[in-house]
Amino acid sequence: MKISKKFTAVALIAAMALIAGCGGSSEKKAATGAKVTLKMATALPQSHPLVKAMDSLKEKAAAKSGGSVEITIYPAGQLFNDKNMNDALISGGVDMGLNTVGRWASIVPAMDIFDVPFIFPGYEKVDKSIDNGLGQKLGDELLKKGVRPLLWADYGFVQYANNKKLAKTPADFDGMKIRGYSKYSAETIKALGASSVTMGAGEVYMAIQRGTIDGQSSGTTAMRDRKMYEVHKYLTVTNHASPEFIVAINDKSFNKLDDKQKKALTEAANEVQADLRANAKKEDLQALEDLKAKGMEVYVVPENELQAWRDATKPVWDLYVKENGKVGQELIDICTKQ
């Protein structure tokens, strides 16, 4: 049977239209196996252990995906700082971000659980809480905002540094101006009798140098890598809070990946999370020794003196429950009953 050229042309056009119609989502999802580049922002410096872990995430994701998932990392606020990064993640202005839960709390208020003082008595308690419901509940809330958590990055515990005196008791903070990195970090500072000043991480060094603030609450790794020992004299080790960092991805960016790429990125994230957990305490202790070597005078609050600190900051627990209601109490129960 002969088929006219006209009919063949019409059939070809129809077939192409059908293919185009079936592949209408091609603008949203890359072709299977096609290379995808994801931009990641963080305010932490390149030398910080968490940023080094992101280098590992980049390598693992590339290896597991056969080179089809490439992560480009922009540290030290090159793209977005810790204050505006999350808005960029939600809007799709950046694909991925590494940021503290304290900054996410303005979007998901219950995230402040990590800054409720002395709720976690040790590193392993933080991880158990995340694995036993805390991570799921908070992650579900983030997903409602269009952002998907990939991994919970153990930042370690935060301490207090200042230029006034070696603070050994809560009363020693009276009259100081201390930088807080989140709402409940600020509430804890106020409960200790100091004034809280909230500013971005990149502003702290200059503020201390100029005398705008007397000190800050931060992790020892960040203090070391941001060279805070150049402008700080005293360090008080309280282990009062463990503000996790979250590696999150815009959900639309995640859904541009094909199934194999999603699997590769997820597996890579799980492996990096495990590595961070294994090394968090060691990194904190090494950074503490480094700060001592750089000349900072350090006071580690003994276990038998911590109750005074717990008593002074107990109102922050009460405020958290008051502001977060039933959900807040549920999260506190998860953290304290592991």
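1. K227 is partly exposed, because its relative accessibility is 44%. The cut-offs are as follows: buried means under 20% relative accessible area, exposed over 50%, and partly exposed in between, with a 1.4 Å probe and protein chains only. K227 sits in the loop between helix 8 (220-225) and strand 9 (234-241). Its phi is positive, about 60 degrees, although K227 is not a glycine.

2. On the source: this is a predicted model, in which local features need pLDDT of at least 70 and side-chain atom pairs count only at pLDDT 80 or more, while totals for chains, interfaces and linings use all residues. Residues are numbered from 1 along each chain as its sequence is written, and side-chain values use heavy atoms, with hydrogens and water left out.

3. The protein chain has 11 helices and 11 strands. Helices (H or I, at least four residues) and strands (E, at least two) are DSSP runs, numbered from the N terminus. Of the 338 residues in the protein chain, 50% are buried. Taken along the principal axes, the C-alpha atoms fill a box of roughly 100 × 45 × 35 Å. Among contacts (heavy atoms within 4.5 Å) with a separation of 6 or more, 76% join residues 24 or more positions apart.

4. F118 lies in the loop between helix 4 and helix 5. F118 counts as buried because its relative accessible area is 12%.

5. Helix 5 (residues 123-144) is bent by about 65 degrees at D131. The bend at a residue is the angle between axes fitted to the seven residues ending there and the seven starting there. Buried residues of helix 5 include Y123, I130, L134, L138 and L142. The cover over the buried residues of this helix includes helix 4 (101-104), strand 4, strand 10 (245-250), helix 10 (259-293) and helix 11 (306-336). After helix 5 comes G146, with a positive phi near 90 degrees.

6. The largest nonpolar core holds 36 residues, and W104, M111, I113, F114, L134 and L138 have the most contacts inside it. A nonpolar core is a set of buried Ala, Val, Leu, Ile, Met, Phe, Trp, Tyr and Cys residues joined through side-chain atoms within 4.5 Å. Two or more residues of this core come from each of helix 3 (85-91), helix 4, helix 5, strand 4, strand 10 and helix 11. A second, separate core has 33 residues, including I71, L150, I249 and V272. In soluble globular proteins, nonpolar side chains tend to be buried together.

7. Not counting residues up to four places away in sequence, L134 touches I113, F114, F120, S129, L331, I334 and C335.

8. V147 belongs to strand 4 (residues 147-153). V147 counts as buried because its relative accessibility is 0%. With neighbours within four places in sequence left aside, its contacts are L89, I90, W104, L142, A248, I249 and D251. L166 is 19 residues from V147 along the chain, and 41 Å separates the C-alpha atoms of the two.

9. Helix 6 (residues 183-191) and helix 11 have axes that come within 8 Å and cross at roughly 145 degrees. Axes are lines fitted to C-alpha atoms, for helices over the stretch in contact, and angles run from 0 to 180 degrees between N-to-C directions. Helix 6 contributes K183, Y184, E187, T188 and A191 to the contact, and helix 11 contributes A312, T313, V316, L319, Y320, E323 and N324.

10. Helix 6 has Y184, S185, A186, T188 and I189 as its buried residues. These pack against strand 5 (158-162), strand 6 (177-180), strand 7 (195-198), strand 8, strand 9 and helix 11. G193 follows helix 6 and has a positive phi, near 100 degrees.

11. D214 is in the loop between helix 7 (204-210) and strand 8 (215-219). D214 counts as buried because its relative accessibility is 10%. Not counting residues up to four places away in sequence, D214 touches A161, N162, N163, K164, G175, M176, K177 and H232.
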